[in-house]
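Hi there,

Here is the structure I promised to pass on.

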Amino acid sequence: MADEERQFKFDIAVSFAGENRDYVERVVRGLDADAVTVFYDGDYKAEIWGENLVDYLTEVYQHQARYVVVFVSAGYADKMWTNLERKSALARALAQRGPYVLPVRLDDAELSGLLPTVAYLDARVEGIQGIIDAIHAKLGTDRTETPTVYEGRVPQTPDELQDLITLRPDFWEFWLYAGTLKLGIKALEGKYLDYEMGYAKPTGRSYKGRDAYEFLRSTNTNALALINSFNTVLDGDAWVRAFGLPGEPGDPERIQHMAQRLLDVYEGFLDEAARLLGSTVPDSFRRAQSAAAKYGKDPIEKIRALVTEFAETANRLPEMSAEHDDDQNGPLKVTMKITVDLDERVNDDFIEGLREGIESLAADD
């Protein structure tokens with residue numbers, strides 16, 4: 001039976017290195033909005049759970065997808081599972097007539113085993129939307145019809161986000177940034193609720209004696225590193241590159257990239273608290289452990305408040321612009337300030353908790 005007549009479980013399967021997950025997921029979400037069936041491991045955690053991954057992935061990448069889109073990067077060839085996916089896809093490609101492996105180049109790395117005459121798409125040239133459109137063209141599918149007018153507001157769903165990128169009405173840059181943040185915060189709500197109730201899944205790691213001290217003492221440094229990352233993603237130069245100067249159009253990929261980096265910082269604080277609370281330390285270090293987990297409280301709540309406030313302000317931009325007199329006041333400017341730092345009371349409690357733990361160790365010696 002010809003491949004185009006076969007019934008496949010997936011329109012495409014994506015194969016990529018973990019370092020490129022953010023980029024690939026944005027492609028996948030764009031395809032999801034257009035009802036393309038995609039095998040993306042992040043969406044099949046429950047189905048994969050407990051399976052023999054060698055058998056499972058071989059079946060997916062060799063038999064169950066109409067095409068495999070391989071995102072080629074320097075890190076791709078170094079991974080065990082991407083090598084399995086690649087070999088499975090190439091085995092199918094050798095057995096069938098017509099293209100099966102669709103390579104997308106993320107950098108200048110080559111894909112071992114694929115003939116150099118096989119055509120690539122260059123993600124640096126095509127961009128995310130270009131890759132999505134090319135996949136549609138390959139599948140021969142019609143895109144979900146996009147409205148010709150966008151209802152001015154911050155997107156609430158991936159479909160609305162895609163419509164916004166396509167139509168780009170006035171203020172679209174700000175709505176895109178706010179919408180990406182709101183959807184990202186929503187996706188991490190389970191982690192936030194765990195953090196809020198002080199729950200952490202046990203990590204299986206147990207620290208005793210001096211090891212407990214060494215484990216805990218670096219946590220304020222980790223918190224400071226996350227705070228520095230937060231300041232970096234709100235850097236003014238990065239903002240200009242993404243949003244453009246007044247009167248210039250923004251860059252949707254840079255805008256979403258900036259939003260994702262802020263979400264990474266937010267998730268980093270949640271994950272750090274879960275790592276601390278999920279580990280076992282002696283009773284004498286419990287005070288330090290509890291305090292260390294609270295380093296993220298101020299940044300977490302401030303980031304959530306910033307996202308809410310930015311979205312509310314972005315939704316009001318059309319009215320604010322209509323009421324603003326450019327001739328008298330110059331271009332409309334909206335300023336939002338946020339300051340994130342270590343809570344001194346938490347830090348003092350943490351240091352005192354470490355001191356108590358060290359004194360207990362000394363007493364035991």
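F39 is buried, at a relative accessible area of 0% (buried is under 20%, exposed over 50% and partly exposed in between, with a 1.4 Å probe and protein chains only). Y56 counts as buried too, at 11% relative accessibility.

Before going further, please note that this is a predicted model, where local features need pLDDT of at least 70 and side-chain atom pairs pLDDT 80 or more, while totals for chains, interfaces and linings use all residues. Residues are numbered from 1 along each chain as its sequence is written, and side-chain values use heavy atoms, leaving out hydrogens and water.

Rings of Phe, Tyr and Trp (its six-membered ring) pair if their centres lie within 6.5 Å; planes under 30 degrees apart are stacked, over 60 edge-to-face, and the rest tilted. By this rule there are 16 aromatic pairs. One of them joins F39 and Y56: this pair is tilted, with 6.2 Å between centres and 50° between planes. Ring pairs also link F10, F39, Y44, Y56 and Y61 into a cluster.

Y177 and W239 make an edge-to-face pair, because their planes stand at 80°, with centres 5.3 Å apart. Y177 is buried at 3% relative accessibility, whereas W239 is partly exposed at 26%.

Finally, what lies over the face of Y192? R304 does, at 3.6 Å from the ring centre. The charged end of R105 sits over the ring of Y120, 4.1 Å from its centre (the rule asks for NZ of Lys or CZ of Arg within 6 Å of the ring centre and within 35 degrees of the ring normal).

Enjoy exploring!

Best wishes
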